[in-house]
Amino acid sequence: MLSALLRRELLTPLRRRRMAVFQIGLATLFGLLVVIRWPTGGQVALSGARSQQIFQLFSYGLMATLLLLLPVFPATSIVSEKKSGTLALLLNSPLGPLRIFTAKLLAVLSMAGMILAMSLPAAAACYCMGGLSLYGDMLKVYQLLALVALQYAAIGLLVSSYAQSVDSAVRMTYGIVLSTSLLTLGPSYFFQGTGGTLATLGEALRALSPLSSLPGAGSMGGQGLMAKTDAQGRFLAWSLACTVLASVWTVRRLNHKLFDQSRSAGTMSDDLSLPAQLFRRLFFLVDPQKRSMGIPNFVNPVMAKEFRCRRFGRLHWLLRLVAVCAVLSLGLTYATTAGTFDWGVEMIGGIMVVMQVALIVLIAPSLSAGLISTERELGGWQLLQTTPLSVSRIIGGKLLSALLPLMLVLCATMPGYLVMAYIDPGMWLQVQRVLICLALTALFSMFCSAAVGCLSARTAAATASAYGVLLAISGLPLLIWMGRDAPFGHDAVEASLSFSSIAAAFSVIRMPGFQHYNLIPANWWFLGIGSAASLILLLARTYRLSRPQ
Amino acid sequence: MKKKAPPVGSKIQPVLRLEHLTKRYGSFTALNNLTLSLNAGQILGLIGPNGAGKTTTIKILVGLIRPTSGKATIAGVDCVRESQQIKRLVGYMPDKFGVYDNMRVREYLDFFGAAFGMQRDRRTKRIDDVMELTGTEYMKDRFVESLSHGMQQRVGLARTLLHDPKVLILDEPVNGLDPQARIEMRDLLIELARQGKTLLVTSHILPELARICHQVAILTNGTLRAMGTVDEIGRQVNHRRTIEAQLVSADQVPAAAKIIRKCIESKADVVEAPAEATVRFRSALHESEMSDVLAHLMQAGIRVTQFREVQTDLEETFMSFARHQGAAAEKKQAVAGAKSHA
């Protein structure tokens, strides 16, 4: 019975043509990485430095691929079955929760195994170049990758068991993956070389990221060999603990209670007493339980609808998000001026840029990837087609609904930048440039996610591919940057960084490590042209979908 | 007693007209030369097995599908060329309810009202009106995704009525409703027809359609097989009438059945029901021949209390079509088999 379930879980995604294209593409990409650095002359580098450089990049690329692609499978696994009603059938069968969970987990791990198998020819080529130990280097990396796959598969399944919709499951899982793998590196990077609780906490957080255990990770944060070795042990413990906890939790959740979740309308504020209404008004600013007024005549109805459809898109949630951003940015700036941290203005700017770009990259796909696919999946597109709304009005409303929250988030950090420019008036031009970078990043992220998402008929696929494309564009140039000077030269790194908006913002703010690269205006051109091309694709696709078949 | 919308006068012009409508997907013909018309204030029931072409017809009418050939007009407006105008003339309720998560019922209706360009004041009043008409007022604060199927059907109908369309096209409106909700929906559709709306309704629940429709069209394999009132279609389809003989005693049922079998066609169905003391048979005999059957029964000493024709209902008519179609398919297969064998 278990094998039947496993076969079904595994074969369904493998039957898709896209999966075959993806696997071939992945194998080609890894192969190319080795080919470009394969020795062409008659001499062989005896030190093995070249193969180690390649392998370092290769392992980072493999980790990035796993982190970008794998979470979508467990994230959608339970919630999509719950939505389609097949989970009820499974729970009603002799298969127990443990078997269902095991089959789903094994299916995700098999998928991860396939992704890793695609990299084996390239890994073998690296090994043939010499300088690498089979057990000391290569096996360790693959062990780490397997551990990461296990951990995020278990977490993804747990999220999926809680999620009420496929896209929220994907969004939440990517959020967890990004925060535990990337954001946990931030504190140790910024507090390196200092002592005290914050530095210790930063070091502890760093161990939670699988990236800290990869070869060469010690040089990233300058933590040294001992710290790296320690990080591997800590990550192993953390990862296994996470897996066991998430697995037990998910198995306990796989029962009839999953379906026992009718959503109450709640008490409407309008039906409460006047003092209670006033209190709620004061507490929420925008009361979510107050009956909405009709959509004003001058407002695009599609935009209003999009805001109302999102649980976290409603105004009271946006206000909370904006307030958190404003408080964080001002807090950081205050900490610097009060002398709490011995950081320069560039460092504060760098932190703010990282946080903002992370927020944009996390929020933009969740807001705009499903603009068309969600309508198609839930049957709303057909209804929209029977209204007199034109394609441009539909798209305009949808894009505005994604743009406004992004702009609010950007504007919320303005006070922080203003204080920064006040501290160091010489930075005013840099602040202006950074803001342009961030605004263009937000626009590009939105247009690109919407364009990539509109190609899929299902929200989960749309959201996952939008995250994949966006994270690849923002993150892959940073992989090349990690191989700066060796194996990649200055020009190659600069050319690749021109595609990354985060790198462009870093270079403008003169963040250490990026100050030697001149990425403006090349990056702005790329973002501008990319946004325009994405908008054209989105309009063309939507126009095609809206025409009678 | 059947409750129907009032009959329509002969002066009323057809509102909905389909002329030689054909839709092909490659070599597959989904709709074949469909021609029909419907007058204002009438309800047309479109029935047929799955894949008969009902939804294709509906989608052409609401401008979602372009026909391969032929013409479809609503109130003189071409469904393909003037699709923007059609959107205001037609209210379409698909079989799948378009759910928007986290939206309350009133917000849902408000959005569609705004999408049809209704001004806020007018929209607010109109929403109140349609919610009252469809009995959805009590669920105005509930989230759309948490509604039961029956509730969603009602909200869907309220949405369809928002912009006050002339023609309502409803795909399976009573599907999944409980008996009480079904009766309420039926009454609501009759009321809408009484208000002058023209309705095109598809349903698999044929007795429901028979009760409310002025006309019924039967589609199979994309071809219109019959159209008219239920009785007219019954006569078109069933050359054989169903006759029931009610006897005084159940003991005489076998003897009566034996006599009837002798009198009517050799392959005709004769069903004995001793529990009800009846014999039911289907025959194409004329009135005079029927009176001979009765005379034979009387002569044999069978005591008959009633000898009457049983009204054919829509379900039976539809099943006759299915039988005819099955027989035709078998015949075609047999001919093809014989040819290949030869």
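**View 1. One side of helix α9(B) is buried.** The buried residues of α9(B) are Val253(B), Ala256(B), Ala257(B), Ile259(B) and Ile260(B). Buried here means under 20% relative accessible area, exposed means over 50%, and partly exposed lies in between (1.4 Å probe, protein chains only). As background, an α-helix has 3.6 residues a turn, so residues three or four places apart point the same way. The buried residues of α9(B) pack against β11, β12, β13 and α10 of chain B, where contact means heavy atoms within 4.5 Å.

*A note for all views.* This is a predicted model, in which local features need pLDDT of at least 70 and side-chain atom pairs count only at pLDDT 80 or more, while totals for chains, interfaces and linings use all residues. Residues are numbered from 1 along each chain as its sequence is written, chains are lettered from A and ligands numbered from 1 in the order in which they are written, and side-chain values use heavy atoms, with hydrogens and water left out.

**View 2. An open sheet in chain B has four strands.** The strand order is β12-β13-β11-β14 (chain B), with antiparallel pairing. Helices (H or I, at least four residues) and strands (E, at least two) are DSSP runs, numbered from the N terminus, and two strands pair if DSSP finds at least two bridges between them. Which strands are at the edges? They are β12 (270–273) and β14 (304–310) of chain B, each pairing on one side only. From one strand to the next, the twist averages 15°. Strand β11 (residues 241–247) of chain B and β14(B) run antiparallel and are joined by six bridges; Ala245(B) has Phe307(B) as its bridge partner in β14(B).

**View 3. Two helices meet the strands of chain B.** Helix α9 (residues 253–263) of chain B lies across β11, β12 and β13 (278–283) of chain B, and runs at about 170° to β12(B). Helix α10 (residues 287–299) of chain B packs on the sheet, touching β11, β13 and β14 of chain B, and its direction makes about 155° with that of β14(B). For these angles, axes are lines fitted to C-alpha atoms, for helices over the stretch in contact, and angles run from 0 to 180 degrees between N-to-C directions.

**View 4. Trp481(A) and Phe514(A) form a stacked pair.** A search of the whole structure finds 12 aromatic pairs over all chains. In this one, the ring centres of Trp481(A) and Phe514(A) are 4.5 Å apart and the planes are at 10°, so the pair is stacked. Rings of Phe, Tyr and Trp (its six-membered ring) pair if their centres lie within 6.5 Å; planes under 30 degrees apart count as stacked, over 60 as edge-to-face and the rest as tilted. Trp481(A) lies in helix α22 (residues 459–482) of chain A and Phe514(A) in the loop between α24 (501–508) and α25 (522–546) of chain A, so the pair ties together parts that are 33 residues apart in sequence. Trp481(A) is buried at a relative accessible area of 15%, and Phe514(A) is buried at 4%.

View 5. Tyr100(B), Tyr108(B), Phe111(B) and Phe112(B) form one aromatic cluster. The charged end of Lys305(A) sits over the ring of Phe111(B), 5.9 Å from its centre; this requires NZ of Lys or CZ of Arg within 6 Å of the ring centre and within 35 degrees of the ring normal.

**View 6. A cis peptide bond joins Ile520(A) and Pro521(A).** Omega is about 10° for this bond, and Pro521(A) is in the loop between α24 and α25 of chain A.
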